[in-house]
Amino acid sequence: MIQSEADLGGYNINDVTFYWTRDNESVSGLDSLQLAQYTVEDYYTSVSEAIYETGHYPKLVFYFELKRSILYFILETYVPSSLLVVLSWVSFWISLSSVPARVCIGVTTVLTMTTLMMGARTSLPNANCFIKAIDVYLGICFSFIFGALIEYAVAHFCTLSSTDTHMLMAVHTRNPTNLTELEMICKEEWSKIPSSRIQTQTLIYSHHIHDLDDEINGIVTTISSHAAATRRAKRRAAKEQASGTATASTELTITPSSPSGSEPKPEPSPPEHTHWCITVLATLRKLLLRSIRCCTVENPHHIDNYSRVIFPLSFVMVNLLYWTYYLYF
């Protein structure tokens, strides 16, 4: 509803009286009026008075009701934003190994959507204290486009970590004791990768070879240290058993009156806190591997397969709720 007023300001009601000669018929031309964003729904006239300290002043008031044309905004804002959301879904059908292509689509759609949002705000009245319906829809579209970009980041990360995780889990489960067994386990796990993923894995892991070598060297060092610790523990136990046997025979053959009959000193036992630390570290390692197993994706390509269905269905459901609420409530 818009109100338009007309008065003379310097003359009060004692000097001049305003009135509409034919009421609403005094205004003509609104039936043929065409606006780009609005249509005139109704209008009427009235007479009023402006009250000031100097007196009462007559004025003519004209009210007209405008309705915003939704077709203009559908063509200018809603359709382009929806097409940008659909364009962001094209990356789900591109291979995970095509990093430049998928990143280019994601970044371009995000920047284009940002420009569209800024243009839509400048063409609308400035109402900072209110959230408009078009702002809600543009926010929904931007969220879906940004979600498609994040989806590729997650899928790419899972692709990088899936093979390493499987190999580490296999090494932990089978517990090799030398380098030859470790190499055999790595070859077996690599042979389990599907042939459709070998090329992708080769391209992705080409720049991670040094990191993988460091991890394998660390595993070999850990295995060697564990084996050396086991051998030392066995030798210590054998020494303690031999010492105990020698002590028993000495006690039987040497009399107390003998000058060499002093008792042998017992060998100190290893500290108990060392075994406690080893137990705690082993428990933490098991918990870490279990958490990694829960967060691991067996086949990262399934993320794209699920996204091809989840994203369109979610967008359709959100659109149904949006248009139902703003058109009928």
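Glu151 and Arg102 are both buried, where buried means under 20% relative accessible area, exposed means over 50%, and partly exposed lies in between (1.4 Å probe, protein chains only). Arg102 and Asp304 are likewise both buried. This is a predicted model, so local features need pLDDT of at least 70 and side-chain atom pairs count only at pLDDT 80 or more, while totals for chains, interfaces and linings use all residues. Residues are numbered from 1 along each chain as its sequence is written, and side-chain values use heavy atoms, with hydrogens and water left out.

The side chains of Glu151 and Arg102 form a salt bridge at 3.3 Å, N to O; the term stands for a side-chain nitrogen of Lys or Arg within 4 Å of a carboxyl oxygen of Asp or Glu. Glu151 sits in helix α3 (residues 133-174) and Arg102 in helix α2 (residues 99-122), so this pair ties together parts that are 49 residues apart in sequence. Helices (H or I, at least four residues) and strands (E, at least two) are DSSP runs, numbered from the N terminus.

Arg102 also meets Asp304 through a side-chain salt bridge, at 2.8 Å, N to O. Asp304 belongs to helix α8 (residues 301-328) and Arg102 to helix α2, so here the parts tied together are 202 residues apart in sequence. Through shared partners, the salt bridges join Arg102, Glu151 and Asp304 into one network. The structure holds three salt bridges, and one of them pairs the side chains of Lys132 and Asp135 at 3.3 Å, N to O. Lys132 is partly exposed, with a relative accessible area of 24%.

Two cavities of 30 Å³ or more are found in a search of the whole structure. On a 1 Å grid over the protein atoms alone, a cavity is a set of points where a 1.4 Å probe fits but cannot get out; a pocket is an open set with protein on both sides within 12 Å along at least five of seven lines, and lining residues have an atom within 4 Å of a point. Grid points are joined across faces, edges and corners, and a volume is the space filled by probe spheres set on the points. The second largest cavity has a volume of about 40 Å³. Its lining is made of Ser88, Ser91, Arg102, Ile105, Gly106, Ala148, Leu149 and Tyr152. Helices α2 and α3 are the elements that give two or more residues to that lining.

The second largest pocket holds about 360 Å³ of space. It is lined by 14 residues, of which Arg68, Ile70, Tyr78, Ala133 and Ile134 lie nearest its centre. Two or more lining residues come from each of β3 (55-68), α1 (70-88), α3 and α8. Helix α8 supplies the largest share of the lining, four residues.

Trp323 is placed in helix α8. At 23% relative accessibility, Trp323 counts as partly exposed. Beyond its neighbours within four places in sequence, Trp323 is in contact (heavy atoms within 4.5 Å) with Ile70, Tyr78, Tyr137 and Tyr328. The C-alpha atoms of Trp323 and Tyr137 are separated by 9.7 Å, although the two are 186 residues apart along the chain.

Strand β3 contains Lys59, a lysine that counts as buried at 13% relative accessibility. Setting aside neighbours within four places in sequence, Lys59 is in contact with Glu5, Ala6, Asp7, Phe18, Val47, Ser48, Glu49 and Ala50.

Turning to the whole chain, the protein has eight helices and three strands, in the order β-β-β-α-α-α-α-α-α-α-α along the sequence. Of its 329 residues, 26% count as buried. Among contacts between residues at least 6 apart in sequence, 73% join residues at least 24 apart.

The mean pLDDT (the predictor's confidence in each residue, from 0 to 100) is 75, and 65% of residues reach 70 or more. Helix α8 has the highest confidence, at 94, and helix α5 (residues 195-204) the lowest, at a mean of 47. Over residues 195-201 pLDDT stays under 50, and the model has 13 contacts beyond four places in sequence for them. Residues 203-210 also stay under 50, with 11 such contacts.
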